[in-house]
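Dear colleague,

Here is the structure that I promised to pass on to you. Please open it alongside this email, and read the notes below with the model in view.

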Amino acid sequence: MSVLLEDLFQIAPVFLNVGAAVFGDSLREAGYEVVYVDWSPPAGGDARIADLLDDLL
Amino acid sequence: MVRRTVIRKNRYFDSVFLMRVARRIASQQGMSDASAVLATEANRKVLIGMGYGDDGHDPDFAVAGPNDLVIALEGEEAAVDAIAANVDSYLSQGSETSSGTGRSLPRPRSISEAMERRPDCSLAVISVPGKYASREARTAIKKGLHVFLFSSNVSVDDERSLKTEARQRGLIVMGPDCGTAYLGGAGIGFANAVRRGPVGIVGSTGTGMQEFASLVHQAGSGISSGLGTGSRDVSDAIGGISTLMGIDALEADPATKVIAVVSKPPGTAFTATLAERLGRCTKPVVLCLLGAVPDSWRIHDPEGSRGKPKLRWAFTIDEAVASALEAAGASEPAFLRSDERVMRERAAIEIGKMRPEQRHLRGLFAGGTLCYQAQAVFLRSGLLVHSNEPLRGMPELPDPDESRESSFVDMGAETFVQGRPHPMIDASLRRKRLEREGKDPTVAVILLDFILGAVSSPDPVGDMLDAIRNIQDEARGRRGHLCVVASVCGTDEDKQGLESQKAALAGAGVLVFPSGAQAASFCREAAQMLAHRKETADVGPA
């Protein structure tokens, strides 16, 4: 169930950080809850194979 | 002194992490410099310019591509050898540091896995390389997450489809290319520490939102919420999907008393849509389109003729802040009032110390909006500057790496940030560019901006201070005088400390202004005087 945008105005979101850790780190340092995804390029960086995998899954 | 590259094929690390690894390596005994970057075309060019690549005889470097990591090492041979043999340990050490401590479980490897563990997540902050960004954003939307998408280089078609799909689910996509947002008191991305208050923001410009929010805070007021939309949202191709969602949400938000829309000029069709929407907004609106004031807007402002317009125009961010404060019932703070006569007097003193050949201005901006605003300030007075991100009516720099006559360069433009951190985080490219500009004897004035706040460098001014002093010394060595002008965007609550950053600049003889608009206005006065001086010199003595 999604949280309404208007509700995010009142209470800060629980953040999901995907990519550079610095964005999540700055939120965490400010006291907000952050879940980190340990991201790396899909299919070893081969976008074509990643698309094929997406189609299969 | 030797230079050597070490290549790691198909190794991905985020660019901020790599910057920290490079700094740690460079600080080792015997090392003088180090870089750790993905081998994008732009980064290869920079490294070759620094003397790496062995004139094409470094075979691994020659074939390295954008998925490959390059560690470039410069120092004493023994130190370089030791680091080169040990590179992977630096990468794993850094990885441990950046991932935090005390975790019992490995981190999830995907958004889906993360949402299975933590279904209470509600906003994804995505900063992966552009070519993967749509894929991750789409997954996030399908999982019911709002999205803050920092990544750039996302196609128009992908942006439109992401935003359309999100809107259907009641979700907002802030971005791509979104730098800043404020939600529930949290500053997301490059955000300054500001108190909460009555002013809501919708902005397609990250540094524009930062400058606006910081000045509102400095004036004693605050921000209710701030929604970034990404720079392309206001184009006709996207039609302002996120901008309109943001306006709707702020209009319904009881904490928001005034809505400020800060944006580059929108597309023609969206201008009409935006005018119509703002015309029926039940709350006061301040609109700052950085120089653009289409005539068609006035018909949508029926209350304007009654002396207290609901829709207020602002040419600069300073004017937008003053209008927003007035609409919120606060008075305009003195620091937003600039005195052109005083500026002219200061400019005259500076120019009086210069040599005749000094006649050009060079602006090196970390904040793209501040570069754009400075151009708007110049264009309003009929002054032209070259830019890599030209405002309509300004000449484009053919090569962003080479300034021409007077130039304003957005150092955060795509060409400078592929595979490396934004200049607000990593000042190295801007510092090198500044040193280069300072060697040009025709340069009279340098204009800089410094952006404080979350994610930014811990010491933006300190990163540049030696280079500023060096170019001033070099100018004195030529018996000239280099006028360095700056603005600092930030608040007293930012970790870098607004007053200490300003004081460091002032201590180095830099003219510091309270805002980007005022720094640009001073430069405009200086440019006009320099042009007049040149005309007088061209006529010559009688």
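**Where the two chains meet**

The contact between the chains (contact means heavy atoms within 4.5 Å) draws 51 residues from chain B and 39 residues from chain A. Before going further, please keep in mind that this is a predicted model, in which local features need pLDDT of at least 70 and side-chain atom pairs count only at pLDDT 80 or more, while totals for chains, interfaces and linings use all residues. Residues are numbered from 1 along each chain as its sequence is written, chains are lettered from A and ligands numbered from 1 in the order in which they are written, and side-chain values use heavy atoms, with hydrogens and water left out.

The size of an interface is often given as the accessible area lost when the parts come together. For chain B and chain A this buried area (the accessible area, with a 1.4 Å probe, that two parts lose on being put together, summed over both) is about 4100 Å², and 62% of it is on carbon and sulfur atoms.

Polar contacts also cross between the chains, where a polar contact is a pair of N or O atoms within 3.5 Å; within protein, one must be able to donate a hydrogen and the other to accept it, and residues adjacent in sequence count only if both atoms are side-chain atoms. Between chain B and chain A, 19 residue pairs are in polar contact, with both residues at pLDDT 80 or more. On the side of chain B that touches chain A, the elements that give two or more residues are helices H1 (15-26), H6 (111-117), H7 (130-142) and H10 (241-252), together with strands E4 (123-126), E8 (186-189) and E10 (223-228), all of chain B; helices (H or I, at least four residues) and strands (E, at least two) are DSSP runs, numbered from the N terminus. Sorted by class, that side of chain B has 27 nonpolar, 13 polar and eleven charged residues, where Ala, Val, Leu, Ile, Met, Phe, Trp, Tyr, Cys and Pro count as nonpolar, Asp, Glu, Lys and Arg as charged, and the others, Gly among them, as polar.

The interface of chain B and chain A also holds two salt bridges, a salt bridge being a side-chain nitrogen of Lys or Arg within 4 Å of a carboxyl oxygen of Asp or Glu. Asp38(A) forms a salt bridge with Arg109(B), and their closest N and O atoms are 3.4 Å apart.

Strands pair across the interface too (two strands pair if DSSP finds at least two bridges between them): strand E1 of chain A, residues 15-18, runs parallel to E4(B) over four bridges. In this pairing, Leu16(A) stands opposite Ala124(B) in E4(B).

**Salt bridges in the whole structure**

Over all chains, the structure holds 36 salt bridges. In one of them, the side chains of Arg4(B) and Asp81(B) meet at 2.7 Å, N to O. Arg4(B) lies in strand E1 (residues 2-8) of chain B and Asp81(B) in helix H4 (residues 77-84) of chain B, so this pair ties together parts that are 77 residues apart in sequence. Buried means under 20% relative accessible area, exposed over 50%, and partly exposed in between (1.4 Å probe, protein chains only); Arg4(B), at 30%, is partly exposed, and Asp81(B), at 33%, is partly exposed.

The side chains of Arg277(B) and Asp248(B) also meet in a salt bridge, at 3.0 Å, N to O. This pair links distant parts of the chain, with Arg277(B) in helix H11 (residues 268-279) of chain B and Asp248(B) in helix H10 of chain B, 29 residues apart. Arg277(B) counts as buried, at 5% relative accessibility, whereas Asp248(B) counts as partly exposed, at 41%.

**Two residues to look at in chain B**

Which residues does Glu165(B) touch, not counting residues up to four places away in sequence? They are Arg138(B), Ile141(B) and Lys142(B). Glu165(B) is found in helix H8 (residues 156-168) of chain B and is buried, with a relative accessible area of 16%.

Arg524(B) lies in helix H19 (residues 516-539) of chain B and is buried, with a relative accessible area of 8%. Leaving out residues up to four places away in sequence, Arg524(B) touches Glu340(B), Val377(B), Phe378(B), Ser381(B) and Leu383(B). With Glu340(B), the side chain of Arg524(B) makes a polar contact to the side chain, at 3.4 Å.
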